Amino acid sequence: MTLRWNPRGALAALSLATALLCTTAAVAQTYQQSPLFDGMDLPPVADRLPDAPLVLEPVESVGTYGGTLRNVSPEDLGWLRQLIMVEPWAKWERDLNGIRPNTLEGWTWNDAYTEVTLDFREGMLWSDGAPVTADDFMFFWNDMVLNEAIPVTFPGGTVVNSEPMTVEKIDDFTVKLTFSGPNPLFMELASRGHYNSSLWLVPSHYMRQFHPDYSDVTDTAALMAHYENTTRLQQIGMPTLSAWVITDYTPGQRIVAQRNPYYWKVDSAGNQLPYIDTIDTTLATPAAVGQATLLNAIGGNVDFQPRDFALADYSVLLSNQEAGNYTVKMWSRGDFAWPWIMIAYDHVDQGIVDLFYMPDFLRALSHAMDRNKINDIVSFGLATPRQFALSPESPEFQTPEGQALYEEWSNSYIEFDPALAGSLLDGIGVVDADGEGWRDRPDGSRLQLIIDVPASSQESINAMDLIKQDWEAIGIDLILNALEWSAIDARAGNGEMMMRAWPSASGWGLLSAATVWAPIEGFTWSMGGQSIGRFFQTGGVEGQPARPGSMLERLQEAYAVAIGTVDPVERDAALLAAYRIHIDEGPITLGTVGEHPSPVVVSNRLRNVQDTGLTGGWDLGFPGTADPEQFYFAD
Amino acid sequence: MTDAAIPAEDPATPRLAVLSVRQLTWRKFRRNRLAYLGLCVLCVMYLMAAFAPFLAPYGVRETHSQFARTAPNWLHFIDENGSFHAVPFVYGLRQGMDPETFLQSTIRVEDEKYPLRLLPRGEPYLLFGLIPAERRLFGVDAPGKIFLFGTDTRGRDLFTRILYGAQVSLTVGLFGVILSLVLGVGIGLATGYYGGWFDSITQRVIEMTQAFPQIPLWLALAALIPPTWSSIQVYFGISIVLSILTWGALARQVRAMVLSLKTSDFVRAARYSNASTGRIMLRHLLPSTFSHVLVIATLAIPAMILGETALSFLGLGIKAPMTSWGLLLNEAQSVQVIVETPWLLIPVVFVVLTIISFNFVGDGLRDAADPFAR
Amino acid sequence: MWVYIARRILALIPTLILIMLVSFIIMQLPPADFVDQYVSREAARGNTSVAGQEEMLRQQFGLDQSLPVQFVSWVGGVFTGNLGISFTDKRQVSEIIMDRLPATLAIAGMAFLLSWGVGIPLGVYSATHQYRAGDVALTGIAFVGIGLPDFLLALLFLVAAFYVTGDVLLGLSSPEFVGASLSWGKVVDFMSYAWLSVVAVAFTGMAYIMRVTRNNMLEELGKPYVMTLRAKGLPERVVIWRHVFRNAINPLVMLFGQVLSFLINGFAITSVVLNLPTVQATYLQATLLQDTYLAGAILVLIAMTVMLGNLISDLLLAWIDPRVRYD
């Protein structure tokens, strides 16, 4: 269910499972391989698999080998990496409630959550047949991360209290990590998306030829191209642990991946995965990808297309299911807001910041928004009006108290009541002092709000235009500043930004703290204000502090408490207490509507794809978490 | 050209009318039916734009959130039973969403009929931006809706948006073209006539403006424009920049014509009679290039409208709450629109009509002004 | 004349450098550079591991040097053939451009031939049959071509082709022919996709050429010498093509110079909408992502084609029209 991991229980379960597996292995477990490999010059399948391969229970049934999975992806290969490259140490569960061992066989924490011992799979091989050992990780840590000449920094989660973890190799298949403080969420942080731990096991035998210390190369360009998540997939010939290996890549047009003969997972009947032979992806420019996905979907030319549809396309997709021989599975996006309005409490104009710190100001703005209208017009009625709060699937909301708090939070201050909004503003002195039709600041000077909106997000612009009309109706002058994304980031960095519309996001408790509920990181996506976040992150060295005693400061403190709490139950309680600040003194960030459905187009020939689920943000690694290696074609 | 000679007074011959060149030209123009038709259409378009708030049944930002993506809801004279109504009416509408396909569909409710009302009161507006007014030409009583061209994906009446869009597209584009014309013709004449190093330098400058990296320039401008500028100010700025970048092509063509005319007899004659350079250029060379320049001008106006569409596509042009035809075309640019809400392509008809009209008028003017025209 | 040509070609170099300077300045104007954009984009996806890496990334890309140094090394690189590396996929810029050049030239070349090859004769026909049924019909079609943006036209064609044939004609080849070596099958497959973009692009161009030709022809046809030629008893065909047409083509010749740059820089948005693997699509993407060396190299290419095109049309003009003299 949640992020709980009871060490003793886990150890017991793990031992039992291992014993069972060994027993079954001892009863001469036979493995089968794809008929493609018969007759090829390869070692027997049992030798290609690790001693204890990962056993995947299929979603529906044990499958048959063969077939080509077709789909469409933007040319930057965004979510395609989540299909092919998601092989972290531990993967999120299919229902996104917790993590399960993936490339690691298991791990054990000590009681204080300061040391974790990782068990690698013995006998696991890279896609070129070389063995995977702890040396691969040691190469990554010692020769890439710790080596100052190589531009790889400490990955997220590996630095606690400003100190990086220490890594100790115990034996060829065991590694111990030690943190300077409790780091109970390390494995979850490492399991995010297709970056993080998916990248930490590098094929050291192959990478050495690009490393300046081991070969003649003079710069790190080739090494970085093979390491970084944005370019790793395209490196043909690089050994990988994924189910499919890239064999053809024509930039901007097509990318093809073939099955990996050394893949280390089997299904419950002993068949080596994956079932599907080939993944054939057509690439398109960002402007063309909308046409490409829609037309190819209704034309029956894609077999699995989980992203890159616009909300407006849903009805076209649904009406053509029969013609295209596919089914649209409606998953949930897990978006808690689309768009949402981030407030920059580090804006240079202190008069504006004063208003932001007054709860009634933001409450008035929130009550003035007609969320039903936004829902009808921008989201075609498919979303839910709600306040800015985490996704309901977040683990800490899975108890009755959590549930109740979530309901309260997501429904706070969302009633459409312009009269109430007006009276709240009157109460704090924001009235039309000079009679020119707009409300002014309490000191009488002109009040003009400016919100930065990414020019590329038409939905955000449309929603903000409706909100602008709503706010004009209560006398607030709002200017929409549509800019290119990085221009907005630049303004956020130097305090010029006042408010910002962010298209969509989903989030999980502590993993998404910075974006959602506490200013603890100094990045452009941090809520509350980039400088305020940086102040916390650098321990007061850079940035500016939140106003003493303010809700922002208390949220930072609450985060510090929660991140160090080892016991999951206590941690959830700490999180709920922090969220209470948002309910009582917020809204600190404004939400509009959220929880849109997300269509996943699945060919009627494709099996083992879940009917419902959460596509979520990139953090969670969907569609990798749907276990595409067990998809199969029933022909 | 001199005025028509006045014949000597002779009681036997009837007195002939005296017409100036301009009047002669106008007469010739009127005889050209297509050109005249084009002129009428343009007048209608500009009147439409000027009186847009009066003619539009709804405000430009008014969203009918219950009726997004609605097909046109016409006026009828004959109802479902076959009986005739003197006053035309619209049917009531009910919005439904098909639960299977999420397709929003609008159902005509035959029991509800809303007759057309003339000069009803509506949302207050400023006619010509100055005169406050409340009444519009036509409308229906609430909750009836008169969507002559349907609504778009945000529930805004398309007919209204086309009218307001005309205001922007028909005026601001013209401004840029005129500026471009002045620059292009003036510099083209000068460089063609003088030649030499002046010509060389100007040609290189033109090459530079043509090879200019436009898209990075737009991106840079977009980042630098202060957010407090209104959309109109931004568009004026854009059209000025656009015309600075495009006068080169026209200048080169004018230059080509001047180069060939420079050595012709009438120019030489003018020079030998000590005509000043200015006079030569204005009174002799310019009229010869005039017809071609006119044709280019009439073809440049669609280029401006479409240039605005391209900018909208890149996210750099007119933005909400302003409307323009380019923006409307841009919103129609999607497979989903073509398949499900094709009425959103109606602005294309207006754009093409306007362009045809400009072209016919240009043709007619050229024919009328050309002393050799058949 | 040769001196003139030599002078023009020599003048290309300082002009080019000037263009490069102005472009470089413009590309540096937006407040965020490639690294900032990259970090923003990854962050929007939840990959926060690159944030805080800006300094190291800039070093990798050479963006940490001062602007004058960057500019000088770029110019030096271009003139020695080293066009730099693309930041997004870390490949050589020259390799990327060469990959895309054949498709670009094929589509643009075919579109040019179609629009001029059809536009000119139709324009002449339109002029000689002014206001008759044929002229009105052609004029009408021409206006549709001029009135619609070419990318909207392309989209309409795309959807129409999809509903008629069931094929999704995005890009220039079926998946199985991508990257395959040249063969008869590949050529046929290419044409089955390419016709859509060629027609969409040529449609607009053809309309324009037709109108310009028609108007020039009409103007010439009104001149007295035409009457003389006809009175002399010359067949109409000779009158039109050997005499009137030759006089009417001056402006067309000036337009011809733009064809060269059209090949590399035309129909950029249509390329992007139809997912064509062309140089202009790459240029758009590179500019939006601030992939400076890639965008810069293509920009230099565009500038060269503009200047060479102008030179060609000036020379053509002198060749065709004996009245034109260059000092």
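Author: Let us start with contact: two residues are in contact if their C-beta atoms, placed from the backbone, lie within 7 Å. This is a predicted model, in which local features need pLDDT of at least 70 and side-chain atom pairs count only at pLDDT 80 or more, while totals for chains, interfaces and linings use all residues. Residues are numbered from 1 along each chain as its sequence is written, and chains are lettered from A and ligands numbered from 1 in the order in which they are written.

Reader: How many residues of chain A are in contact with chain C, and which elements give two or more of them?

Author: As a general idea, the size of an interface is often given as the accessible area lost when the parts come together. Here we count residues instead: 43 residues of chain A are in contact with 35 residues of chain C. On the chain A side, two or more residues each come from α8 (221-227), α9 (229-232), β11 (244-250), β14 (278-284), α10 (286-298) and α19 (485-493). Helices (H or I, at least four residues) and strands (E, at least two) are DSSP runs, numbered from the N terminus. The largest share of that side, six residues, belongs to α10(A).

Reader: By class, what does the side of chain A that touches chain C have?

Author: First the classes: Ala, Val, Leu, Ile, Met, Phe, Trp, Tyr, Cys and Pro count as nonpolar, Asp, Glu, Lys and Arg as charged, and the others, Gly among them, as polar. That side has 18 nonpolar, 19 polar and six charged residues.

Reader: In what order do the strands of the open sheet in chain A run, and which are the edge strands?

Author: Two strands pair if DSSP finds at least two bridges between them. The order of the four strands is β2-β14-β12-β11 (chain A), with mixed pairing. At the edges are β2 (68-74) and β11 of chain A, each pairing on one side only. Neighbouring strands are turned by 20° against each other on average, direction ignored. For such angles, axes are lines fitted to C-alpha atoms, for helices over the stretch in contact, and angles run from 0 to 180 degrees between N-to-C directions.

Within the sheet, β11(A) pairs with β12 (residues 254-259) of chain A in the antiparallel sense over six bridges, and A:Val245 stands opposite A:Gln258 in β12(A). The helix α10(A) lies across β2 and β14 of chain A and runs at about 150° to β2(A).

Reader: Is helix α14 (residues 359-367) of chain A enclosed or open, and why?

Author: A residue is buried if 20 or more other C-beta atoms lie within 10 Å of its own, exposed if 12 or fewer, and partly exposed in between. Seven of the nine residues of α14(A) are buried, so the helix is largely enclosed by the rest of the structure. Among the buried ones are A:Phe361, A:Leu362, A:Arg363 and A:His367. Their cover includes α13 (350-357), α17 (418-427), α18 (458-473) and β22 (590-591) of chain A.

Reader: Which strands lie in the open, then?

Author: In chain B, the number of buried residues among the five of strand β6 (residues 131-135) is zero, so β6(B) lies largely in the open. Four bridges join β6(B) to β5 (residues 121-127) of chain B, and the two run antiparallel. B:Leu126 stands opposite B:Pro132. The hairpin has three residues between the strands, and B:Phe128 takes a positive phi near 55°.

Reader: How many residues has the largest nonpolar core, and which have the most contacts inside it?

Author: A nonpolar core is a set of buried Ala, Val, Leu, Ile, Met, Phe, Trp, Tyr and Cys residues joined through C-beta atoms within 7 Å. The largest has 353 residues, and those with the most contacts inside it are A:Ala288, A:Ile451, A:Ala578, C:Val273, C:Ile298 and C:Ala303. Helix α8 (residues 184-221) of chain C gives the largest share, 17 residues. A second, separate core of six residues includes C:Phe34 and C:Leu57.
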